[in-house]
Amino acid sequence: MTEQDHNWKSIEALFDAERENAVDVDLKKTILNQIDMETYKSQEKKPEIKVVRSFWSRPVVRYGLLYILGVFTGLLLFTFAGSDFKKSAPDTSAMKGTLSSSVSFDDMKIADVLQYDSPLARAICNIRYSNKMVEIRLDFSSLYPVKSTLEFESNSFQVINIQNINVNSQTTTMTASNFVQINNTGDNKLIIQLLNKNKLPHDIEFKIYQNDTPVYQNSARVNKE
Amino acid sequence: MSEKDDNELVYEVIRGSISSFEVLIDRYQKTIFNMVLKMVGDVETAKDITQDVFVKVFEKMGSFNFKYRFFSWIYRIALNQTLNYLKSNPRKEELKKAEALPADENGEQRTERGSLLLHQGLRELPADYRVLLLLKYFCSMSYEEISETMEIPVKKVRSRLFMAREQLNRVMVAKGFFDND
């Protein structure tokens with residue numbers, strides 16, 4: 001054991017003696033007298049914290065009101081702005097590439113109704129037009145194959161669609177840039193739609209052929225105004 | 001005497017039991033008082049500080065964190081109170097002059113002289129060394145308990161305690177405590 005260790009043993013013994021001879025005190029009364037009894041009482045009867053919301057600040061009420069307000073505002077907007085909505089509907093006639101934007105056949109301007117009636121064939125060619133489109137409804141009946149054409153200027157019109165509403169299998173249609181050819185057999189109904197390119201007055205010629213010779217030829221003018 | 005552990009008593013105090021607080025006072029007043037006494041060297045001051053410590057403990061009982069041990073909490077409060085006191089009240093009077101006592105005393109005188117020298121020696125150490133020595137050798141705390149009380153790592157407790165021992169040893173040598181050995 002080094003001298004330092006020996007010395008420390010002596011000091012430690014002093015600490016032990018100090019601990020054994022520790023002064024006894026009784027400060028309990030003084031401490032209790034010093035304690036703020038208000039603090040004690042408040043610790044003793046700590047009130048439970050209750051969160052009481054007022055009626056209007058309850059979430060159910062607030063969200064309910066918000067919902068009702070939303071519905072009411074929606075109704076108001078619908079009532080007042082609904083009519084304007086119809087009025088201010090955009091002019092779809094200028095929209096490209098949509099047939100649905102075109103006016104219906106009944107609302108179109110009438111160019112002409114070309115009719116042909118003979119033992120060879122019977123045809124009613126109803127031609128109407130709007131700013132956007134020309135629609136031709138052709139009722140065609142023939143016992144034997146009969147060729148007919150609808151001719152027009154390719155600068156003014158362009159075939160968009162040919163709808164065979166009631167066409168038998170022997171009937172065929174053919175399109176080119178400036179005409180539509182129909183080889184008809186039997187009773188058929190066709191709808192031919194053309195794009196009205198420049199809205200200038202132009203004729204659409206309807207021809208019915210027999211042995212490649214026109215037996216009927218008539219025209220209807222569109223964009224008359 | 002209640003067999004309940006400290007934290008149970010604290011819980012009961014929070015629930016309003018003043019008698020549980022009395023048990024805690026009984027359990028800790030002597031050690032706290034004596035430790036403070038060794039720090040400040042004056043009985044009346046030590047009493048005042050001890051009282052303040054218990055009042056403070058009572059007031060702050062509601063904020064006690066149950067994951068800690070009560071003794072480390074109360075010792076920490078006591079140490080802080082004492083160190084605050086020492087800061088604001090620099091030493092005014094020395095203890096009895098131990099040097100005045102003869103070195104060739106009998107057993108009783110020798111103990112008294114040793115005790116006085118120890119008091120003086122401790123008071124010459126920096127406060128944190130004094131605290132460490134008291135917690136270790138007077139309150140018989142383990143390194144872990146000191147670490148918890150002083151909120152410093154155990155490693156630091158060991159190294160600082162080593163330094164504190166060395167310094168106290170030197171002081172005691174200087175004061176002639178070992179002269180007759």
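What percentage of the 225 residues in chain A is buried? I looked this up to begin with: buried residues make up 22% of chain A. I count a residue as buried if 20 or more other C-beta atoms lie within 10 Å of its own, as exposed if 12 or fewer do, and as partly exposed in between, with C-beta atoms placed from the backbone.

**Ground rules**

I am working with a predicted model, in which local features need pLDDT of at least 70 and side-chain atom pairs count only at pLDDT 80 or more, while totals for chains, interfaces and linings use all residues. Residues are numbered from 1 along each chain as its sequence is written, and chains are lettered from A and ligands numbered from 1 in the order in which they are written.

**Entry: chain A overall**

I find four helices and eight strands in chain A. Read from the N terminus, the order is α-α-α-α-β-β-β-β-β-β-β-β. Helices here are DSSP runs of H or I with at least four residues, strands are runs of E with at least two, and both are numbered from the N terminus.

I then checked contacts, meaning pairs of residues whose C-beta atoms, placed from the backbone, lie within 7 Å. In chain A, 56% of the contacts between residues at least 6 apart in sequence join residues at least 24 apart.

Confidence came next, as pLDDT, the predictor's own score for each residue from 0 to 100. Chain A has a mean pLDDT of 82, and 82% of its residues reach 70 or more.

**Entry: the strands around β3(A)**

I followed β3(A) through its partners, taking two strands as paired if DSSP finds at least two bridges between them. β2 (residues 121-129) and β3 (residues 133-151) of chain A pair in the antiparallel sense over nine bridges. These two strands form a hairpin with three residues between them. I see Ile124(A) standing opposite Asp139(A) of β3(A).

β3(A) also pairs with β6 (residues 179-196) of chain A, antiparallel, over 16 bridges. Here Thr149(A) stands opposite Gln181(A) in β6(A). Glu151(A) has Glu205(A) in β7(A) as its bridge partner.

In the loop between β6 and β7 of chain A I came to Lys199(A). Its phi is near 60 degrees, a positive value in a residue other than glycine. Lys199(A) counts as partly exposed because it has 14 C-beta neighbours inside 10 Å.

**Entry: chain B overall**

I find eight helices and zero strands in chain B. Of its 181 residues, 33% count as buried. Among contacts in chain B with a separation of 6 or more, residues 24 or more positions apart account for 61%.

Ser140(B) sits in the loop between α6 (127-138) and α7 (143-150) of chain B. I noted a phi near 55 degrees for Ser140(B), a positive value in a residue other than glycine. Ser140(B) is exposed, with 12 other C-beta atoms within 10 Å.

Phe177(B) lies in the segment after α8 (154-174) of chain B. Why is Phe177(B) counted as buried? Because it has 23 C-beta neighbours inside 10 Å. Leaving aside neighbours within four places in sequence, I find Phe177(B) in contact with Gly114(B), Leu117(B) and Met172(B). Phe177(B) and Gly114(B) are 63 residues apart along the chain, and their C-alpha atoms are separated by 6.8 Å.

**Entry: nonpolar cores**

By a nonpolar core I mean a set of buried Ala, Val, Leu, Ile, Met, Phe, Trp, Tyr and Cys residues joined through C-beta atoms within 7 Å. The largest core has 46 residues, and Ile32(B), Val36(B), Val53(B), Ile74(B), Ala78(B) and Leu133(B) touch the most other members. Helix α2 (residues 18-40) of chain B gives the largest share of this core, ten residues. Domain 1 (1-93) and domain 2 (94-181) of chain B both give residues to this core, so it lies between them; the domain bounds come from an automatic or database domain assignment.

A second, separate core has 30 residues, including Leu114(A), Cys125(A), Ile127(A) and Val146(A).

**Entry: where the chains meet**

I find 25 residues of chain A in contact with 31 residues of chain B. On the chain A side, α1 (3-20), α2 (28-34) and α3 (37-44) each supply at least two residues. α1(A) gives the most, with eleven residues.

Definitions and conventions. Two residues are in contact if their C-beta atoms, placed from the backbone, lie within 7 Å.
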